[in-house]
Amino acid sequence: MNKKILLWSITAALAGFLFGFDVVVISGADKKLQAIWESSDSFHGWVVMGAALWGTVLGAIFGGIPTNKYGRKNTLIVIGVLFAVSAIGSALANDPWVFAFARFIGGIGVGASTIAAPAYISEIAPAKNRGRLVAMYQFNIVFGILIAFMSNYLLSGLGEDSWRWMVGVEAIPAILYILFALRVPKSPRWLLSQLKNEEAHEVLKIINPEMLDNEIVDLMSEFQNHSDMNDKTETIFVKKYRFPLTLAFLIAFFNQLSGINAFLYYAPRIFEEAGLGESTALLSSVGIGVTNLVFTLLGVFLIDKLGRKTLMYIGSIGYIISLGLVSAAFFLEWTGMAVPIFLFLFIAAHAVGQGAVIWVFISEIFPNHLRASGQAFGSSTHWILAAIIPSLIPFLFNHPMVGAGVVFLTFACMMVLQLLFVAFIMPETKGKTLEELEDEMLKK
């Protein structure tokens with residue numbers, strides 16, 4: 001694999017590290033913030049904890065606009081700035097509304113990163129390695145999650161203001177990321193879409209110095225032929241794009257109906273619900289982060305070998321088994337390490353399946369001129385549900401008619417439906433160029 005492509009892909013994928021860190025770092029401050037500000041379960045869930053997720057929804061809905069207009073690279077740089085501002089603002093906040101606003105800004109960065117980073121990587125990557133390279137974005141998400149859990153555990157002993165250090169430390173990797181992002185080139189496919197052919201030619205020569213000029217011309221001509229066939233004023237909602245639109249919606253829908261973000265946001269709380277002490281709950285959360293990282297690495301390794309669809313089969317079956325066991329553990333009041341073990345299995349199933357596949361798959365199924373818009377749709381679906389579901393968790397867990405057992409049983413049932421989606425609707429995309437996939441999607 002070209003070392004420069006690998007380096008640039010890793011750099012873009014580091015947006016995922018900030019994404020994962022930002023989403024999970026709040027879990028360590030969760031109960032402390034509710035106690036300090038004496039918030040009700042609803043206010044704490046929807047405002048204090050949910051603000052970042054609503055920012056993510058906004059970033060996902062509108063992130064395609066700057067990604068298309070100003071380019072993937074420039075959008076990635078701005079995303080880094082948003083994360084840095086959010087971390088500093090959250091750490092300095094003295095009331096829940098200021099804290100929520102700072103978290104909201106970081107959420108915008110999270111939502112936009114799910115569009116700009118996978119789009120950038122998919123457009124510089126060769127077809128045979130595209131799955132692995134784009135999946136590094138997901139690897140960085142889970143690496144950020146692990147570091148956030150570890151950071152929370154290490155900083156938890158700093159007294160009443162430990163939560164400020166937990167949320168503020170994110171500013172350090174955010175600033176480093178900005179410096180790295182400044183050094184990557186612009187996406188050649190985006191440059192071609194802006195009719196900047198000479199600049200695109202220069203970037204393609206950097207990507208592959210051994211590529212002959214006539215090969216570059218052929219590649220640019222292939223892109224142009226696909227571009228000429230498309231109406232530049234059309235949107236992803238026209239009839240011919242119904243199939244990729246349906247695929248993006250369903251994979252994002254099932255991703256969140258597995259309960260993954262609800263669990264990551266409230267991992268320590270869930271472990272305490274299962275009878276573990278506060279310190280043990282935080283340490284078990286670190287174990288979740290390690291499991292997530294190991295099985296995401298496995299998914300990254302396998303995605304271009306077994307394909308996207310096979311990983312989704314494996315993940316779906318793992319979801320059904322693990323969520324069913326977690327639900328049973330709460331209904332039957334199993335104590336000790338039973339719930340953490342079952343949740344480790346749940347995380348492993350997610351990491352090797354949906355976690356490894358979702359951002360790769362959504363970045364592949366839309367045509368070049370609508371890729372950012374298509375990813376914005378898929379990301380918006382994902383994050384609207386990711387805002388609603390975790391925000392309901394404190395209320396649902398404490399409601400006498402619901403409780404944790406019913407919540408996890410519902411997630412398990414939704415994963416049965418995901419298995420049917422994989423079996424009868426989802427196509428395989430591995431090993432095909434983006435232009436080949438564009439032709440294939442239009443035939444459905």
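Predicted model: local features only at pLDDT ≥ 70, side-chain atom pairs only at ≥ 80, totals over all residues.
Residues are numbered from 1 along each chain as its sequence is written, and side-chain values use heavy atoms, with hydrogens and water left out.

The protein contains 21 helices and zero strands. These elements are DSSP runs, numbered from the N terminus (helices: H or I, at least four residues; strands: E, at least two). Along the principal axes, the C-alpha atoms fill a box of roughly 65 × 45 × 35 Å. Of the 444 residues, 60% are buried. Buried means under 20% relative accessible area, exposed over 50%, and partly exposed in between (1.4 Å probe, protein chains only).

Helix α1 covers residues 3-36. Its 34 residues should span 50 Å at 1.5 Å a residue, and its end C-alpha atoms are 49 Å apart, which agrees. The expected span is 1.5 Å times one less than the number of residues. α1 bends by about 55 degrees at A29. The bend at a residue is the angle between axes fitted to the seven residues ending there and the seven starting there. In α1, 24 of the 34 residues are buried, so the helix is largely enclosed by the rest of the structure. Just after α1, E38 adopts a positive phi of about 50 degrees.

Helix α7 (residues 130-155) has 26 residues. Its first and last C-alpha atoms lie 38 Å apart, close to the expected 38 Å. A kink of about 30 degrees is centred on M136. α7 is largely enclosed by the rest of the structure, because 19 of its 26 residues are buried.

Nine salt bridges are counted. The criterion is a side-chain nitrogen of Lys or Arg within 4 Å of a carboxyl oxygen of Asp or Glu. R130 pairs with E364, with the closest N and O atoms 3.1 Å apart. R130 lies in α7 and E364 in α18, so this pair ties together parts 234 residues apart in sequence. Both partners are buried: R130 has 1% relative accessibility, and E364 has a relative accessible area of 1%. D304 forms a salt bridge with R308 at 3.0 Å between the closest N and O atoms. D304 and R308 are both buried. E364 also bridges to R308, with a closest N and O separation of 2.4 Å. E364 lies in α18 and R308 in α17 (residues 308-331), so the pair links parts 56 residues apart in sequence. Through shared partners, R130, D304, R308 and E364 form one network.

Helix α18 (residues 338-364) also holds L343. L343 is buried, at 0% relative accessibility.

On the surface, W54, L58, I61, F62, I65, I384 and I388 form a nonpolar patch. Together they have about 570 Å² of accessible area, from the Shrake-Rupley method with a 1.4 Å probe; for residues, only the protein chains shown count as cover. Patch residues have over 30% relative accessible area and no salt bridge; like charges are joined within 9 Å, and nonpolar side chains (Val, Leu, Ile, Met, Phe, Trp, Tyr) within 5 Å. α3 (51-62) and α19 (371-398) each supply at least two residues. α3 gives the most, with four. L58 lies in α3 and is partly exposed, at 34% relative accessibility.
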